[in-house]
Amino acid sequence: MTGDDAVSTTVVHVLRHGEVYNPEKILYGRLPGYRLSELGVQMAKAAAQALADRDIAYVVASPLERAQQTAEPIAAQFNLPVGVDERLIESTNWFEGKRVSPGDGSFRDPRNWWVLRDPVTPSWGEAYRLIAERMFGALHAARVAAEGREAVCVSHQLPIWTLRRHVERKRLWHDPRRRQCGLASLTSFHFDGAKIVGIGYSEPAAHLVAMSPSARTAKGA
């Protein structure tokens with residue numbers, strides 16, 4: 001194979017942000033003002049440390065504060081700016097701003113049933129299909145920006161998990177309790193040219209997540 005024919009190998013790490021300070025315990029979604037907790041800042045630093053030996057050439061994040069904060073130690077480590085890609089933003093959700101969580105009765109309340117009528121689209125928020133399309137676009141934009149090297153995209157749990165299911169050709173609707181996308185986790189997409197040839201997953205901040213009883217049930221993503 002000649003130099004002109006060589007196919008470049010690129011890795012795009014899609015990072016979920018760290019824990020958010022949320023004393024009201026609401027589903028914050030796209031609401032402004034929700035920043036990382038002190039533990040969340042440590043989670044972001046743990047993710048940066050996990051990437052310290054990687055060849056990171058591009059860092060981009062959702063415009064929401066918690067994602068931008070999570071990207072900062074990584075960008076600083078590689079002397080890079082933090083870009084913004086609106087496609088990495090959290091999904092919309094009808095329950096945004098409300099206190100809802102599994103087991104609190106919100107989903108059994110008849111007043112909410114009309115919102116929950118369609119779990120496949122879903123009826124309570126942005127369509128999974130649209131989330132997959134925008135995240136897939138952001139993934140490939142990062143690949144192009146870091147061609148032959150590595151990139152980091154900071155996003156949110158549902159968009160990341162939807163992207164992964166889309167790439168793996170699985171149905172997009174799913175049980176939220178079964179998502180493999182912990183706080184400050186890395187879902188890494190390996191490319192051979194423009195083709196995805198592998199997906200990796202790691203949780204560099206697992207030891208910090210274990211320190212926070214609220215981390216596994218944090219509202220929003």
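Strand β1 (residues 9–16) runs antiparallel to strand β5, and seven bridges join the two; strands are DSSP runs of E with at least two residues, helices are runs of H or I with at least four, and both are numbered from the N terminus. Two strands count as paired if DSSP finds at least two bridges between them. This is a predicted model, in which local features need pLDDT of at least 70 and side-chain atom pairs count only at pLDDT 80 or more, while totals for chains, interfaces and linings use all residues. Residues are numbered from 1 along each chain as its sequence is written, and side-chain values use heavy atoms, with hydrogens and water left out.

**Strand β5 and its partners**

- Leu186 stands opposite Ser202 of β6.
- The hairpin of β5 and β6 has two residues between the strands, and Gly193 takes a positive phi near 65° there.
- Five of the seven residues of β5 (residues 186–192) are buried, so the strand is largely enclosed by the rest of the structure. Buried means under 20% relative accessible area, exposed means over 50%, and partly exposed lies in between, with a 1.4 Å probe and protein chains only.

**Nonpolar cores**

- The largest nonpolar core has 22 residues; such a core is a set of buried Ala, Val, Leu, Ile, Met, Phe, Trp, Tyr and Cys residues joined through side-chain atoms within 4.5 Å.
- The residues with the most contacts inside this core are Val12, Val14, Met135, Leu139, Cys153, Leu163 and Phe189.
- At least two residues of this core come from each of β1, α3, β4, α4 (157–167) and β5. Helix α3 gives the most, with seven residues.
- Another core, of 15 residues, lies apart from the largest one and includes Ile56, Val59, Phe78 and Val152.
- Phe189 touches Thr10, Val11, Val12, Val14, Leu139, Leu163, Arg164, Val167, Ile196, Gly198 and Ile199, when residues up to four places away in sequence are not counted. Contact here means heavy atoms within 4.5 Å.

**Cysteines**

- The count of disulfides is zero, a disulfide being a pair of cysteine sulfur atoms within 2.5 Å.
- Cys153 is buried at a relative accessible area of 1%, and Cys181 is buried at 2%.

**Salt bridges**

- The structure holds eleven salt bridges, each defined by a side-chain nitrogen of Lys or Arg within 4 Å of a carboxyl oxygen of Asp or Glu.
- Glu150 forms a salt bridge with Arg54, and their closest N and O atoms are 3.0 Å apart. Glu150 belongs to strand β4 (residues 150–155) and Arg54 to the loop between α1 (38–50) and β2 (56–61), so this pair ties together parts that are 96 residues apart in sequence.
- Glu150 counts as buried, at 10% relative accessibility, whereas Arg54 is partly exposed, at 35%.
- Arg149 forms a salt bridge with Asp55, with 2.9 Å between the closest N and O atoms. This pair links distant parts of the chain, 94 residues apart: Arg149 is in the loop between α3 (128–145) and β4, and Asp55 is in the loop between α1 and β2.
- Arg149 is partly exposed at 39% relative accessibility, and Asp55 is partly exposed at 36%.
- Asp175 forms a salt bridge with Arg178, where the closest N and O atoms are 3.8 Å apart. Asp175 is partly exposed, at 23%, while Arg178 is exposed, at 67%.
- A network of salt bridges links Arg30, Glu126 and Arg134.

**Ser62**

- Ser62 is in the loop between β2 and α2 (65–77) and counts as buried, at 0% relative accessibility.
- The side chains of Ser62 and His156 are joined by a polar contact of 2.9 Å. A polar contact is a pair of N or O atoms within 3.5 Å; within protein, one must be able to donate a hydrogen and the other to accept it, and residues adjacent in sequence count only if both atoms are side-chain atoms.
- A polar atom of the Ser62 side chain lies 3.2 Å from the backbone nitrogen of Leu64.
- Leaving aside neighbours within four places in sequence, Ser62 is in contact with Ala67, Gln68, Asp85, Leu88, Ile89, Glu90, Val154 and His156.
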